[in-house]
Number of protein chains: 2
Amino acid sequence: MSSLTDVQAHALTEAQNRIQQDLLTALDAFAIPEPLKGAVHHAVMLGGKRVRPALCYAAGALKQNPNAAAVRRAAVAIEFIHCYSLAHDDLPCMDNDLLRRGQPTCHVAFGEDTALLAGDILQSMAFEILGSRLFDQGPAVEASIVLKQMQILATASSKMVNGQVLDLQAEGKKITQDALENIHRNKTGALITAAVMMAAVTLFEGTDQAIPKLREYGQAIGLAFQVQDDILDIVSETEVLGKTAGKDQQVEKSTYPALMGLEQAKAYAQDLHNQAIGALAYFGDKAEQLSQITQFLLSRKS
Amino acid sequence: MSSLTDVQAHALTEAQNRIQQDLLTALDAFAIPEPLKGAVHHAVMLGGKRVRPALCYAAGALKQNPNAAAVRRAAVAIEFIHCYSLAHDDLPCMDNDLLRRGQPTCHVAFGEDTALLAGDILQSMAFEILGSRLFDQGPAVEASIVLKQMQILATASSKMVNGQVLDLQAEGKKITQDALENIHRNKTGALITAAVMMAAVTLFEGTDQAIPKLREYGQAIGLAFQVQDDILDIVSETEVLGKTAGKDQQVEKSTYPALMGLEQAKAYAQDLHNQAIGALAYFGDKAEQLSQITQFLLSRKS
């Protein structure tokens, strides 16, 4: 029998392999002129944990899914949005980061103008993919389901930008835990929740109890993810993290450890994790994949 | 009886007043933190000719329209995309423009980071508006129609970015007329055609002859618009144009006048205009508004 760590790694590794393939297939479906094509590929294929696609797949597998193609498109679309946000975040006028996942950032490799445009087109490509027939093997997914996915993605993308602004505004200031949570529920939480919900609408009607349960789950892990990120920024070394560690403290960023102390922050991450697992109870054994990813998010070292 | 010029001005002025109101209503529907809110308002409310919304309204009025709310949302969404593209184009890493429509550009007024984020959120807000119930007075518009609108908008937005890249690549190079047309069909033509088509799908089924006729119309005026822009860059003064005139020649940009001479470029604009009017013949008197806007596009001085 494999250890718990092996099982966790297995569930995520499988999702990572799947999304890697689907991202490449999706990118190949677009005719993009160079050097933009190179920049878009760079921004998307840099790697990363692919947590959002993994959550999307896992939520889409809560029962036999006739709309599996829509889940795969959603996973690609949400990762495109995530990658666009990273390319723009790294720009000199934002975080001015030179290194991401141990690689030169998009603007370092391709220039600022091309990195800006790569982010821009990744956002519209996300909506193109979502509305396409990519991965379809059977009849088209109902328009009302696709429309819901688009609404979820668009709203989460806007929230992400709002969170970014709230975050910039808070730099160098002392803020309350409520204000910090508001930043993170927008900046990272919204897109993580969206990954779960875009799969949820392919399986469950709006009236089903499953919908609020999955929203609760998504919101809890969305926040837990950020708390864990803040903790890792303090306890990890640059080498393991793949980006400059300790950067939050350098720029006097409000973080959960700064606000409540490291041990309290760890306890809070655990609370949120328990809350997420609690919401999954409704689905019984079917939630095994989601539960594994949740475990991973709390135990990750980078 | 009013002169032709008065009639032209009237049709466009009416659309400009309508879109001004609808843009404000749409912006009010979003909770955006400062300073982003100010930057988004600045980017959207700077004014401009509002050609895309005017085309959208006019195409949506080709017959009695039960989906009028979807046309209004499309007009707002397409203008949001246009305004996002201007905010990003003006950034220092792109055109580094300080002035637009006689006003400081978004990054001059709000800083580069906020202007970048204003463009980013305007893109997702466009898709949010399109998928919303804003302006609805009757039952919801069919999901399949809204989905088509989203597909059209997403594809056109991606093309716009591709055109931008092709344009940057062509700077300082001698290119063929085919290459120049390819740039403009993507960079400006795609969004102008989309303005027409997003209204078209609220009225006509895919099998209707009206659809290819309107596409032909949109493509012809999309290109005519750019040819006229190139001509105006040479013949207008900065004061009338509201932006720095003669800029194309400064940066050795390929333009229609540079490629074929000023007189030939004027004749080409007229050809495209005739082609557009020809495509409208199918609709008879119903196309009066579209025809007026077409007249304006060729006779405009800025």
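1. Arg50(A) is buried, at 2% relative accessibility (buried means under 20% relative accessible area, exposed over 50%, partly exposed in between, with a 1.4 Å probe and protein chains only). Its salt-bridge partner is Glu79(A), at an N to O distance of 2.9 Å (a salt bridge is a side-chain nitrogen of Lys or Arg within 4 Å of a carboxyl oxygen of Asp or Glu). Glu79(A) is likewise buried, at 1% relative accessibility.

2. The model is predicted: local features need pLDDT of at least 70 and side-chain atom pairs count only at pLDDT 80 or more, whereas totals for chains, interfaces and linings use all residues. Residues are numbered from 1 along each chain as its sequence is written, chains are lettered from A and ligands numbered from 1 in the order in which they are written, and side-chain values use heavy atoms, with hydrogens and water left out.

3. A second salt bridge in chain A joins Lys187(A) and Asp167(A), at 2.6 Å from N to O. Lys187(A) belongs to helix H8 (residues 177-203) of chain A and Asp167(A) to helix H7 of chain A, so this pair links distant parts of the chain, 20 residues apart (helices, H or I of at least four residues, and strands, E of at least two, are DSSP runs numbered from the N terminus). Both Lys187(A) and Asp167(A) are buried.

4. In chain B, Arg185(B) and Glu181(B) form a salt bridge of 3.5 Å, N to O. The two residues are four apart in helix H8 (residues 177-200) of chain B, which means that about one helical turn separates them. Arg185(B) is partly exposed, with a relative accessible area of 39%, whereas Glu181(B) is buried at 12%. Elsewhere, Arg73(A), Arg133(A) and Asp136(A) are joined into one network by salt bridges that share partners. Over all chains, the structure holds 18 salt bridges.

5. Between chain B and chain A, however, the count of salt bridges is zero. The interface has 16 residue pairs in polar contact, both residues at pLDDT 80 or more (a polar contact is a pair of N or O atoms within 3.5 Å; within protein, one must be able to donate a hydrogen and the other to accept it, and residues adjacent in sequence count only if both atoms are side-chain atoms). On the side of chain B that touches chain A, H7(B) gives the most, with 17 residues. That side divides into 23 nonpolar, 12 polar and five charged residues (Ala, Val, Leu, Ile, Met, Phe, Trp, Tyr, Cys and Pro count as nonpolar, Asp, Glu, Lys and Arg as charged, and the others, Gly among them, as polar).

6. The contact takes 40 residues from each of chain B and chain A (contact means heavy atoms within 4.5 Å). The buried area is about 3,400 Å², 70% of it from carbon and sulfur atoms (the accessible area, with a 1.4 Å probe, that two parts lose on being put together, summed over both).

7. The peptide bond from Glu34(A) to Pro35(A) is cis, with omega near 0°. Phe135(A), although not a glycine, has a positive phi of about 75°, and is buried at 13% relative accessibility.
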